[in-house]
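These are my notes from one sitting with a structure that I had not opened before. I wrote down what I looked up, chain by chain and contact by contact.

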Amino acid sequence: MEMYLKAFLIGGLICAVGQVLIDYTGLTPARILVSFVVAGVALGALGLYQPLIDFAGAGATVPLTGFGALLAKGTVEAIREDGMLGILSGGLSAAGAGIGAAVVFGFLTALIFKPGDKM
Amino acid sequence: MPARIGKYTTRLDRSPSVVSFASVVSKKESEGPLGACFDVVNQDTAFGEKTWEKAESRMQETAVQKALEKGGLSAGDIDYIFAGDLLNQCISSTYGIRATGIPFFGLFGACSTMAEGLALSGLFVEGKLAERAMAATSSHFCSAERQFRFPLEYGGQRTPTSQWTVTGAGAAIVGEKGQPPYLRHVCIGTIEDMGVTDMNNMGAAMAPAAAATFSRFFEDTHTSPENYDLILTGDLGKVGSELLGKLLREKGYNLEGRHNDCGLMIYDLEHQDVGAGGSGCGCSASVLCSAILTRIREGALREVLFAATGALMSPTSVQQGESIPGIAHLVHISSQPEGGC
Amino acid sequence: MAQKKITQQAYQEMTKQASPPTRSYLTIPTAFAVGGLICVLGQALLGIYQSMGLEKDAAGTAVSVTLVFLSALFTGLKLYDKLAKYAGAGTLVPITGFANAMVSPALEFKSEGLVLGLGAKLFTIAGPVIVYGVSAAALYGVIAYLFGLY
């Protein structure tokens, strides 16, 4: 139960930061997504994100910063196993399932559903 | 003959009439305060078509046909049509008017297109270049949204200053002096740019253009806001209307109680969740070609200044960080012909 | 013509005054609550997958895949954008927002064909995210490799 509360608080807090950026900096949503992923990579690289994941679980992995941290983590792990090639392969292979899911489910959804109006 | 008065204004001495006009809208607009005024309401925003672009063309075609029908005219009776819209290369107009066989001038004036087309139609009839000329334009929420903003299913938030593109079209046929409404003056605007870069605040980008056109018109004609019952802008919305009032007050003109904006009239801002109001070519077109022209014809409105405002940017220029240039064209529409009363 | 000309700066100030501000007292708490709840859903899924015997990393991946699936489905049903209108960053920042950013243009631009419409537009918003994410990770990889930080 405690874990749910932590996930809610940390996850909510990360999203609230995003909202502050939208409201006060006028950054477009695409730029916010990019900044969060890059910030996640940076925090992961500095070893600051793993403690947050240990603390808040999905509250830290579900936001896109978690996706960025995963890219960083995958990169060092791949370097450990494959050496230099890991620099290029690590990020994508760690994030592969998420990106693959987004591509495949995105493709299927776009194929099956009809675009609709906003009312 | 048309007479140039002052630096920017042309007086139409033969007072061409708007002989027929029609408006087409969809669901959301029909639920607004002017819902009962429109000629054609289609609850299906796709207008029975497969794409939003086709829907918009269909809408513009319907407006043109309806205006012809209401005037007891056929396409062959129209010498020229001036039409345009917001989509790249004005495809709604070209595909919508393709089948009519009317000689076609394609216009790009963004949301100022209705005033631009009406002004040109008036000048052509006044100058005896045409017996009858037509102005038509349209906009569609969905086709505009996917060209200028985000896909419709995308989860984005609208800022309070953003405006809602009207799904609507309007067409007006101008002919020799007959019955009211009469076109009395036109004042073509210049491109004004005060450095606004926010795509979600078009009203602010266009207000300086409207202020410039109005003040030049008042100067050229030696009139003031008090000479008119209604000073109507196209789609400045809430923010732009407030700015227009302020800009003109600095120039010594008080619009209080006389100004209204098509973007504020077409929707119920409190309940329809449209941000700062309606926008798009179809906004001023559908409001003018329904409630406004009808009320001038009936004499409920006597002297009206109609100035549709346009924001002349493209998605490319916005991405490149350019500011948004605005323009406003004015047409003075009256229930009395020149030299009347 | 004696009136003074308004400068661009003065006009920007006027615009700022005339423009209603974003109601942050509503948007920020809503983003917090909705974003938090999506993470709670993720936490619940994590628990379920782990109790099914998945390892921690595999369970985490399964959570991402499930959330992406749900986001795609809700986007297709035109519900995601309705929630996002209120939630803002609450639905943008979680991985579900990333999925929505891929599905929505693909669906919208299907009318321009299956290859250059659907296929290409799948990456309009998500493409940059992958480009900058992967490049940042590779940059980190180079540093880690050169300085032996792995």
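This is a predicted model: local features need pLDDT of at least 70, side-chain atom pairs count only at pLDDT 80 or more; totals for chains, interfaces and linings use all residues.

I began with a term: a salt bridge is a side-chain nitrogen of Lys or Arg within 4 Å of a carboxyl oxygen of Asp or Glu.

Residues are numbered from 1 along each chain as its sequence is written, chains are lettered from A and ligands numbered from 1 in the order in which they are written, and side-chain values use heavy atoms, with hydrogens and water left out.

**Chain A and chain B**

I looked up the contact (heavy atoms within 4.5 Å), and seven residues of chain A and 12 residues of chain B take part. Buried area is the accessible area (1.4 Å probe) that two parts lose on being put together, summed over both. Here I read about 900 Å², with 55% from carbon and sulfur atoms.

**Chain C and chain A**

For this contact I listed 65 residues from chain C and 63 residues from chain A. The two chains bury about 5500 Å² between them, and carbon and sulfur atoms account for 81% of it. I noted that C:Phe32, C:Val93 and C:Tyr140 supply 12% of the area that chain C buries against chain A, more than any other three residues.

I then asked how many salt bridges the rule finds across the interface of chain C and chain A. The rule finds one. A:Lys73 forms a salt bridge with C:Asp57, and their closest N and O atoms are 3.8 Å apart.

Helices here are DSSP runs (H or I, at least four residues), strands likewise (E, at least two), numbered from the N terminus. Helix 2 of chain C gives the most to the side that touches chain A, with 15 residues.

I counted six helices and zero strands in chain A. The C-alpha trace of chain A spans about 55 × 35 × 35 Å along its principal axes. Buried means under 20% relative accessible area, exposed over 50%, partly exposed in between (1.4 Å probe, protein chains only). Of the 119 residues of chain A, 47% count as buried. Last, I looked at contacts in chain A between residues at least 6 apart in sequence, and 54% of them join residues at least 24 apart.
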